[in-house]
Amino acid sequence: MENSVFQHFHPECELSISKAINLELHAGYVYFSMTYYFGHHDVALKHFSMFFREQSKKKMKHAEKILQYLTKRGGHPVLENILKSEVQYWSDGLQALEEALVMEKAVNEELLILCNKAKEHEDPHG
């Protein structure tokens, strides 16, 4: 069935948006894990815990905003299983921040890919 909202929305762009959503959800999940790791009484790095709690909330909000955008465009999200972090116990705050930087770069790279796909497929809303 043809969707009346679907205009200049190439399937590659729709899939790229879903990938961005999944990366945001993954990052939020990892940050959530970091929140409770650094908040644990054995680690007790309160400010790291608070920082990662805020990052987790932000990532979940980003994912929700992108999901809203996708559905407004007439698209359907392809949600995947959210993978846990490869690291469960961080040796220190620096290691956690380094992992956070890698995740942030991955999310940013996917958004850049999405922008390029939108330009390639002449999608003015991408």
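Here are legends for a set of close-up views of this predicted model.

**View A. Helix H3, end to end.** H3 covers residues 93–120, which makes 28 residues. At the start of the helix, look for Asp92: one of its side-chain oxygens comes to within 3.2 Å of the backbone nitrogen of Leu94. Just past the other end, Glu122 takes a positive phi of about 55°.

**View B. The buried residues of H3.** Gly93, Ala96, Glu99, Ala100, Met103, Val107, Glu110, Leu114 and Ala118 are the buried residues of this helix. Their cover includes helix H1 (11–39) and helix H2 (46–72). Two glutamates, Glu99 and Glu110, are on that list, and Glu110 turns up again in View D with a lysine partner.

**View C. Helix H2 and what lies over it.** H2 runs for 27 residues and reaches 39 Å from first C-alpha to last, close to the 39 Å expected at 1.5 Å a residue. Its buried residues are Ser49, Phe52, Gln55, Ser56, Lys59, Ala63, Ile66 and Leu70. H1 and H3 are among the parts that cover them. After the helix comes Gly74, with a positive phi near 95°.

View D. Lys19 and Glu110 meet through their side chains, 3.7 Å from N to O. This pair links distant parts of the chain, with Lys19 in helix H1 and Glu110 in helix H3, 91 residues apart. Lys19 counts as partly exposed because its relative accessibility is 46%. Glu110, at 6%, counts as buried.

**View F. Arg73 and its two partners.** Arg73 makes a salt bridge with Asp123, and their closest N and O atoms are 3.1 Å apart. Arg73 lies in the loop between H2 and H3 while Asp123 is in the segment after H3, so the pair ties together parts 50 residues apart in sequence. Arg73 is buried at 7% relative accessibility, and Asp123 is buried at 6%. The charged end of Arg73 also sits over the ring of Phe9, 4.1 Å from the ring centre.

View G. Setting aside neighbours within four places in sequence, Thr35 touches Ser49, Phe52 and Arg53. Phe52 is also part of a cluster that ring pairs build from Tyr31, Tyr37, Phe38, Phe48, Phe51, Phe52, Tyr89 and Trp90. The structure holds 10 aromatic pairs.

**View H. Asn81 in the loop.** Asn81 is found in the loop between H2 and H3. With a relative accessible area of 72%, Asn81 is exposed. Asn22 is 59 residues away in sequence, yet the two C-alpha atoms are 8.4 Å apart in space.

Note on methods
Residues are numbered from 1 along each chain as its sequence is written. This is a predicted model: local features need pLDDT of at least 70, side-chain atom pairs count only at pLDDT 80 or more; totals for chains, interfaces and linings use all residues. Side-chain values use heavy atoms; hydrogens and water are left out. Rings of Phe, Tyr and Trp (its six-membered ring) pair if their centres lie within 6.5 Å; planes under 30 degrees apart count as stacked, over 60 as edge-to-face and the rest as tilted. A charge sits over a ring if NZ of Lys or CZ of Arg is within 6 Å of the ring centre and within 35 degrees of the ring normal. Helices (H or I, at least four residues) and strands (E, at least two) are DSSP runs, numbered from the N terminus. The expected span of a helix is 1.5 Å times one less than its number of residues. Buried means under 20% relative accessible area, exposed over 50%, partly exposed in between (1.4 Å probe, protein chains only). Contact means heavy atoms within 4.5 Å. A polar contact is a pair of N or O atoms within 3.5 Å; within protein, one must be able to donate a hydrogen and the other to accept it, and residues adjacent in sequence count only if both atoms are side-chain atoms. A salt bridge is a side-chain nitrogen of Lys or Arg within 4 Å of a carboxyl oxygen of Asp or Glu.
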